Structure formats: C-alpha cells, structure tokens
Amino acid sequence: MRAERTVNKPAKRSFALGYLVIGFIVFMICICFIRLSQEKSAQLKERKAVLAKIENQIEKEKAESAYLDDQAIYRKSEEYIEQQARDNFGLVYPNEIVLEEKK
C-alpha cells in the first residue's frame, strides 16, 4: 500500500502544477487583453480628437464658402458696380454735387 501512496502524491502534484501553469497562462492572457484594450482606447480618443478638429475645419470652410458665394453675387450687382465707379473713377450722376474735403 505504501508504494501506491507514493505514486499518487506525484500525480496529485503534477495536476496541481498543471492547474497552476494553466492559471498563470490565463492570467497573462487577461493582462495582454487589458493592455491591448487600453491602447485601443487611447487610439480611439486620439482619433476622436482628430475627427473633431477636421469637423471644425469643415464648418469653417463651409462658412468661408458661403461668404465667398455672397461676395460673388454682390460683385455682380448694380450697387457694387456703381460704388466701384464712384470710388475708383470718380464718376457721378448728372446734376449731382460732389463735396471733397481739403487735405
């Protein structure tokens, strides 16, 4: 009977050691997944910040485009042409009195 008991003890130890090794491997895999998750979370935050900057830039560009469209329409108007003729060429309507300041 003694021979059987000594044979069973190493078998129990090998099972316990096997469970310990498996537990350690599972623990290391969990650590790796947590680390990977943290890295992905940081990348996601960074990409969201970049996306916010790009969306802000798009809004600015849309506003600038709308302004330029308005300017293009205004520059085709009679009012703009008249103002440019008055400012650049000194043109006036007939019977219009022009007053100038002395410099």
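In this predicted model, Glu82 forms a salt bridge with Arg86, and the closest N and O atoms of the two side chains are 3.5 Å apart. That contact is one of three salt bridges that a search of the whole structure finds, and the structure also holds one aromatic pair. The points below take up the linked salt bridges, then the remaining salt bridge, and then the aromatic rings.

- Glu82 and Arg86 both lie in helix α2, which covers residues 78-89, and they are four residues apart, or about one turn of the helix.
- Arg86 also meets Glu96 in a salt bridge between their side chains, with an N to O distance of 3.0 Å.
- This second pair links distant parts of the chain, since Arg86 belongs to helix α2 whereas Glu96 sits in the segment after α2, ten residues apart.
- Taken together, Glu82, Arg86 and Glu96 are linked in a network of salt bridges.
- Glu82 is partly exposed, with a relative accessible area of 33%, while Arg86 has a relative accessible area of 28% and is likewise partly exposed.
- Glu96, the partner of Arg86 in the segment after α2, counts as partly exposed because its relative accessibility is 31%.

**The salt bridge between Glu39 and Arg35**

- Glu39 forms a salt bridge with Arg35, in which the closest N and O atoms are 3.7 Å apart.
- Both Glu39 and Arg35 lie in helix α1, which covers residues 2-75, and they are separated by four residues, about one turn of the helix.
- Arg35 is exposed, because its relative accessible area of 51% is over the 50% that marks this class.
- Glu39, by contrast, counts as partly exposed, with a relative accessibility of 37%.

**The aromatic pair of Tyr74 and Tyr80**

- A pair of aromatic rings is described by the distance of the centres and the angle of the planes.
- In the one aromatic pair that the structure holds, the rings of Tyr74 and Tyr80 lie 5.3 Å apart from centre to centre, with 70° between the planes.
- The arrangement of Tyr74 and Tyr80 is edge-to-face, because planes over 60 degrees apart are placed in that class.
- Tyr80 counts as buried because its relative accessibility is 19%, and the cut-off for this class is under 20%.

Definitions and conventions:
Residues numbered from 1 in each chain as written. Predicted model: local features only at pLDDT ≥ 70, side-chain atom pairs only at ≥ 80, totals over all residues. Heavy atoms only, no water. Phe/Tyr/Trp six-rings, centres within 6.5 Å; stacked < 30°, edge-to-face > 60°. Buried < 20%, exposed > 50% of the residue type's maximum accessible area, 1.4 Å probe, protein only. Salt bridge = Lys/Arg side-chain N within 4 Å of Asp/Glu carboxyl O. Helix = DSSP H or I, 4+ residues; strand = E, 2+ residues; numbered from the N terminus.
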